[in-house]
Amino acid sequence: MKEGMAEATQSYLIEDLPMYVIFYDKKNKGCVGADLFGLSEPSYKKEEQRLADYVKARPKRFIRLPNNDSKQEWEIMCDFAEKKQITELSYALGGDKPMKMFKKKLAELELDIEWVEFRNRAYEKFIEEWIEGKNILPK
């Protein structure tokens, strides 16, 4: 799997639409995030539209991955808190605004980079299982 593939799975919802729709690129065997709904920053609109048009014009090359959801993200956060065995992280996930509090606690504990690496590995595994389940790649 190409480096950076998992980072592309993180996405944000804006008005119930994913900011980036993630596609698996069969040619380059990696992922690309395309702003199909035009939700990115105004300064990137032209570049993002060009990429979205490129992806849409090649439906046999780019396969849409399922959207990232908050339940999946929350489960990864719980796994990280359990692995680290840090009470404050687990406590943050059990209160109000758990995701926001978890990320705030990560920053306080200076675990941001370790968290991103952990989350990326989790998404890498998710993508590999998804690709394997869809029989996209030859064995």
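Modeller: Let us begin with the cut-off: a salt bridge is counted when a side-chain nitrogen of Lys or Arg lies within 4 Å of a carboxyl oxygen of Asp or Glu. Please keep in mind that this is a predicted model. With that definition, Lys 125 forms a salt bridge with Glu 129, their closest N and O atoms being 4.0 Å apart.

Biologist: Where do Lys 125 and Glu 129 lie?

Modeller: Both are in helix 5, four residues apart, which is about one turn of the helix. As for solvent, the cut-offs are under 20% relative accessible area for buried and over 50% for exposed, with partly exposed in between; Glu 129, at a relative accessible area of 48%, is therefore partly exposed.

Biologist: How many salt bridges does the structure hold?

Modeller: There are four, and one of them joins Glu 108 to Lys 105, with 2.8 Å between the closest N and O atoms. These two residues are both in helix 4 (residues 98-108), three residues apart, again about one turn of the helix. Glu 108 has a relative accessible area of 48% and is partly exposed, and Lys 105, with 22%, is partly exposed as well.

Biologist: Which side chain meets that of Lys 84 in a salt bridge?

Modeller: That partner is Glu 114, with an N to O distance of 2.7 Å. This pair links distant parts of the chain, since Lys 84 belongs to helix 2 and Glu 114 to helix 5, 30 residues apart. Lys 84 counts as partly exposed at 26% relative accessibility, and Glu 114 is likewise partly exposed, with a relative accessible area of 28%.

Biologist: At what angle do helix 2 and helix 5 pack?

Modeller: Helix 2 (residues 70-84) and helix 5 (residues 112-133) pack at about 125°, with their axes 10 Å apart. To name the arrangement, one needs the ranges: 65 to 115 degrees is roughly perpendicular and over 145 is roughly antiparallel, so the two helices are oblique to each other. Their crossing is right-handed.

Biologist: Which residues make the contact of helix 2 with helix 5?

Modeller: From helix 2 they include Ile 76, Met 77, Phe 80 and Lys 84, and from helix 5 they include Glu 114, Trp 115, Phe 118 and Phe 126. Taken by type, the residues of this contact divide into eight nonpolar, one polar and six charged.

Key. Residues are numbered from 1 along each chain as its sequence is written. This is a predicted model: local features need pLDDT of at least 70, side-chain atom pairs count only at pLDDT 80 or more; totals for chains, interfaces and linings use all residues. Side-chain values use heavy atoms; hydrogens and water are left out. Axes are lines fitted to C-alpha atoms, for helices over the stretch in contact, and angles run from 0 to 180 degrees between N-to-C directions. Angles under 35 degrees count as roughly parallel, over 145 as roughly antiparallel, 65 to 115 as roughly perpendicular and the rest as oblique. A crossing is left-handed if the near helix is turned anticlockwise from the far one by less than a right angle, and right-handed if clockwise. Contact means heavy atoms within 4.5 Å. Ala, Val, Leu, Ile, Met, Phe, Trp, Tyr, Cys and Pro count as nonpolar, Asp, Glu, Lys and Arg as charged, and the others, Gly among them, as polar. Buried means under 20% relative accessible area, exposed over 50%, partly exposed in between (1.4 Å probe, protein chains only).
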